[in-house]
Amino acid sequence: MSGYDADLLVIGAGPAGVAAAVMASSLRMKTVLVEAEQVGAKVRAIGALENVPGGWSSGPALAEALSADIARHQDLGRVSLLKGRAVRVTGHDDRAEVALEDGRILTAAAVVVATGVTTLVPGDVAWIEAGGIRWLPPLWRAAAEELQERHVVVLGADRPLGTWLRAHPQTKVHFSVLYPSSDGYKTDEVAADERVRLDLVERVAVARIPAGFRITAHHPVGGSHTFTVDAVLTNIGSKPAALEGLVTGPGGYCPPEAQHPRVLVAGDLKSARMQRIAVAMGDGSRASLAPYYQAQAVTS
């Protein structure tokens, strides 16, 4: 399309973004895929996959396959992979624009935003009091060798806990999992693992000390206990990584019907219910079909 950088811009090279780019390429749409890190960056940290068709057993294996898909379509000359961090998306009557952190502006007939979610930090949840601690490493990125033979406090009982344990069955680690009542339904899958001690809390105070961390756990029935530990990991969920210019709804997610017609959202950026890899892939493919059929309708 004359004057555009691409027929379709795709922001984010995770499962949804790669699926969108591959579908667009198969439809002979000139596509630019914008990614700040590398293809499948978040997927690479997932140790075990149990719900993705195709026989993928680990995140890194799937990420390599996604990279190979993009490389194949680059060789076909229909996909360009652009390294950059998108910060704003804007829909206009005649185009969609994406602004990058370095000041570049990209244009296309439409844009698919598939930036997914980002990890919550202690300050994002009310039940953790962390003082001046703005960030703690998330469990889902923790390497098994770093935790071997260690006693680690895990804040929250979100699903990555079960995934991590299944991915590293031989790792000898002791997880003290402090979790709020809202996470209670997620604990069944890990309750039988001898490496886990589950502790329901009303709130938790975390403070840095020379030896590591001082943890004070306050219990729903009253009382508290304080102990020290050398490692604390978060497992408290995620939040949408919405770009400036997107319309957000409750919880920060981006309902597709609220966006400009030239701006489409895909994958787990849309809803917490989309946070499954296979679901995100299908949704990414669906998103890139919309501008294709719109263009066909205009030219027919």
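The largest nonpolar core has 27 residues, and L8, L33, L62 and V112 touch the most other members. The model is a predicted one. Helix α1 gives the most to this core, with five residues.

- In soluble globular proteins, nonpolar side chains tend to be buried together.
- Five elements each supply at least two residues of this core: strand β1 (6–11), helix α1, helix α2, strand β6 (105–113) and helix α5 (277–299).
- Which residues does L62 touch, not counting residues up to four places away in sequence? They are V43, L49, V52, W56, I277 and M281.
- L62 is also one of the core residues that touch the most other members.

**The pair α1 and α2**

- Two packed helices are described by the angle between their axes and the distance between the axes.
- Helix α1 spans residues 15–26, and helix α2 spans residues 59–75.
- Their packing angle is about 25 degrees, and their axes lie 10 Å apart.
- Angles under 35 degrees count as roughly parallel, so α1 and α2 are roughly parallel to each other.
- The crossing of α1 past α2 is left-handed.
- On the α1 side, the residues that meet α2 are P15, V18, A21, V22, S25 and S26. On the α2 side, they are L66, D69, I70 and H73.
- By class, this contact has six nonpolar, three polar and one charged residues.

- T234 sits in strand β15, which covers residues 232–234.
- Is T234 buried or exposed? Its relative accessibility is 3%. Buried means under 20%, so T234 counts as buried.
- Leaving aside neighbours within four places in sequence, T234 is in contact with L120, P122, L136, P137, P138, L139 and L155.
- I236 lies in the loop between β15 and β16 (238–240).
- I236 counts as buried because its relative accessibility is 13%.
- I236 touches L120, V121, P122, V125, W127, I128, L155 and G156, again not counting residues up to four places away in sequence.
- L120, P122 and L155 are among the contacts of T234, and they are among those of I236 too.
- How many residues apart along the chain are I236 and A157? The answer is 79, yet their C-alpha atoms are separated by 6.9 Å.

**Buried residue D283**

- D283 is part of helix α5.
- With a relative accessible area of 7%, D283 is buried.
- D283 touches V265, A266, G267, K270 and M274, with residues up to four places away in sequence not counted.
- Between D283 and Y185 there are 98 residues of sequence separation, and the two are 27 Å apart in space, C-alpha to C-alpha.

- Most residues other than glycine have a negative phi.
- R28 is not a glycine, but its phi is positive, about 65 degrees.
- Where is R28 found? It is in the loop between α1 and β2 (31–35).
- R28 counts as exposed, because its relative accessibility is 58% and the cut-off for exposed is over 50%.
- E149 also has a positive phi, near 65 degrees, and is a residue other than glycine.
- The loop between α3 (144–147) and β9 (151–155) holds E149.
- At 58% relative accessibility, E149 counts as exposed.

Note on methods: Residues are numbered from 1 along each chain as its sequence is written. This is a predicted model: local features need pLDDT of at least 70, side-chain atom pairs count only at pLDDT 80 or more; totals for chains, interfaces and linings use all residues. Side-chain values use heavy atoms; hydrogens and water are left out. Axes are lines fitted to C-alpha atoms, for helices over the stretch in contact, and angles run from 0 to 180 degrees between N-to-C directions. Helices (H or I, at least four residues) and strands (E, at least two) are DSSP runs, numbered from the N terminus. Angles under 35 degrees count as roughly parallel, over 145 as roughly antiparallel, 65 to 115 as roughly perpendicular and the rest as oblique. A crossing is left-handed if the near helix is turned anticlockwise from the far one by less than a right angle, and right-handed if clockwise. Contact means heavy atoms within 4.5 Å. Ala, Val, Leu, Ile, Met, Phe, Trp, Tyr, Cys and Pro count as nonpolar, Asp, Glu, Lys and Arg as charged, and the others, Gly among them, as polar. A nonpolar core is a set of buried Ala, Val, Leu, Ile, Met, Phe, Trp, Tyr and Cys residues joined through side-chain atoms within 4.5 Å. Buried means under 20% relative accessible area, exposed over 50%, partly exposed in between (1.4 Å probe, protein chains only).
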